[in-house]
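Let's take a walk through this structure together, one group of contacts at a time. Have the viewer ready, and pick out the residues as they come up.

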Amino acid sequence: MSLQTRPRLLNLAAVSLLRDEALAITALEYLPIELFPPLFMEAFCGSRSETLKAMVYAWPFVRLPLGGLMQKPHLGTLQAVLDGLDILLAQKNHSKRCKLRVLDLRNTGQDFWKMWSGSSVHVSSSSSMTPIAEVRSRTEQPLAPLEVFIELHFKESTIDDFLIYLIRWVEQRKASIHLCSNKLKIASMSLENIVQVLGIVQLDCIQEVEVSCIWHLSTLAMFAPFLGQMSNIQRLHLSHIHGLAFEEEEEYHHAVQITSQFRRLYHLRDLYLETPSFLEGCLNQMLRCLMTPLDNLAIIHSLLTDSDLTHLSQCPNISQLKSLDLTGDLLTYANAERLSVLLEKVAGTLEKLDLNMCGISDVHLEAILPALSHCFQLKSFSMCGNLLSMAIMEKMLRHTSALPSLNKELYPVPQDSLLSRGLHQPQRLAQCRAELFEILKDLGRPRTIWISSISCPQCEGHAFYHPEPIIYQGNILA
């Protein structure tokens, strides 16, 4: 019997068994493990609540990926499954075959259901269901009997009925249920509602946090204590945090409340800060609180001061950066010199550098070229939206020609190819491309570069549209 034929027979067996729901429930203790997934899917599609409830109590896998079956949250199904968990929790002697430890309500686990439904014969590591995929530090508390994983994405103004029901259910069973999530995204909703949910979530299981709504500095300061409890965060993204018309001392106090929580983030690797006005002039306060070396750092659309860049270049926990993004941070000549010091410090590890729309001119680029030429691990370099001449472009291409890993280069159209009104003159642009190709040909190394100064209308403000690459490989121009 082929692997494709077997799941179809299992599905037929599940359909046949469900014709007598009472018999199906009675037979669960003796049912082959292979029949559980197709039977569960049939019961789910047919809204057989009693069968679903009974199957939870006898589920022979570590994980039940319920979210993989629901295109959108379904309260009736959730109620049936939670009723089954209640039966499981109430029993002193659990079913011998029940191995359920994780109820997963996220939009994951589709491979598991596809495998058993016959639409896929590939068994991935996530679908085998033997290990628990989430790795958490549990040195301070024992493993909870059951974990419930959810998506924590606050994008509406109010909490939906599905989440309200789940929260109330978990609140009444705190001793035996852990509510978990790997990611926390906040795009909307009042802080009061967010706090209500976070109050019952196991905060130490959160590994990624993204706050992308317009919060005032005082709001972020009230959120900060929760952030400090997310001790396993690896990636933190904060954007559009603005100060109010506070007294300077009060605003500084809020900034300290926020940055001091970084002392508790021992696993932070990626830090992304967009328009972080609260850090202007006090970046050092945050840098002092970093406890581990960062892999990726983005501080974009900010007004970095000379002292900010100085502290950044002196911070021991940025010396191993793989990615640095300073898009939209306007540089002065003094800043360019400090940026050069920073690039020298991370030259041994830096793989990606973004300096888009930094107001970089020839004199700025001249200052950082020596350090840039030492970044031998660099794979991607982008500096679109800056005002450079063809002469400095040629010098830059010569400085970077010795970087062995560099394969993605995004540059602005040299100012020599623009009219006074900023419009492209086709003939001059074609001449510019030909000149750049001759430079690449003279350098002798196969290379592809992109040039553009046109903002992409369908992308974020710091993204650019690159119509055609300039490719040198032998004598081919594309």
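Start with Asp104, which counts as buried at 2% relative accessibility. Keep in mind as you look that this is a predicted model. Arg106 pairs with Asp104 in a salt bridge whose closest N and O atoms are 2.8 Å apart. Arg106 also counts as buried, at 10% relative accessibility.

In general, side chains of opposite charge can pair when their charged atoms come close. The structure holds 10 salt bridges, and two further ones are worth a visit. In one of them, the side chains of Arg398 and Asp442 meet at 2.8 Å, N to O. Arg398 lies in helix H15 and Asp442 in helix H16 (residues 426-443), so this pair ties together parts that are 44 residues apart in sequence. Arg398 is partly exposed, with a relative accessible area of 35%, while Asp442 is exposed, at 53%.

Turn next to the salt bridge between Glu409 and Arg447, with a distance of 2.8 Å from N to O. Here the partners sit in strands: Glu409 belongs to S16 and Arg447 to S17, so the pair ties together parts that are 38 residues apart in sequence. Glu409 counts as buried at 0% relative accessibility, and Arg447 is buried with a relative accessible area of 5%.

Ile186 stands opposite Val211 in S7.

Follow strand S11 (270-274) to its end, and the loop between S11 and helix H11 (283-289) holds Thr275. Is Thr275 buried or exposed? At 18% relative accessibility, it counts as buried, since the cut-off is under 20%. Beyond its neighbours within four places in sequence, Thr275 is in contact with Ser239, His240, Ile241, Ile300 and His301.

Now for the aromatic rings. The structure has 11 aromatic pairs. In one of them, Phe40 and Trp113 have ring centres 5.7 Å apart and planes at 25°, so the pair is stacked. Phe40 lies in helix H3 (residues 36-45) and Trp113 in helix H6 (residues 110-117), so the pair ties together parts that are 73 residues apart in sequence. Both Phe40 and Trp113 are buried. They belong to one aromatic cluster, together with Phe36, Trp59, Phe61 and Phe112.

Helix H4 (residues 49-58) is mostly covered, with seven of its 10 residues buried. Among them are Leu52, Met55 and Val56.

Finally, how many disulfides are there? A search of the whole structure finds zero. As for individual cysteines, Cys384 is buried with a relative accessible area of 0%, and Cys432 is buried at 2%.

How values were computed. Residues numbered from 1 in each chain as written. Predicted model: local features only at pLDDT ≥ 70, side-chain atom pairs only at ≥ 80, totals over all residues. Heavy atoms only, no water. Phe/Tyr/Trp six-rings, centres within 6.5 Å; stacked < 30°, edge-to-face > 60°. Helix = DSSP H or I, 4+ residues; strand = E, 2+ residues; numbered from the N terminus. Buried < 20%, exposed > 50% of the residue type's maximum accessible area, 1.4 Å probe, protein only. Disulfide = S-S within 2.5 Å. Pairing = 2+ DSSP bridges. Contact = heavy atoms within 4.5 Å. Salt bridge = Lys/Arg side-chain N within 4 Å of Asp/Glu carboxyl O.
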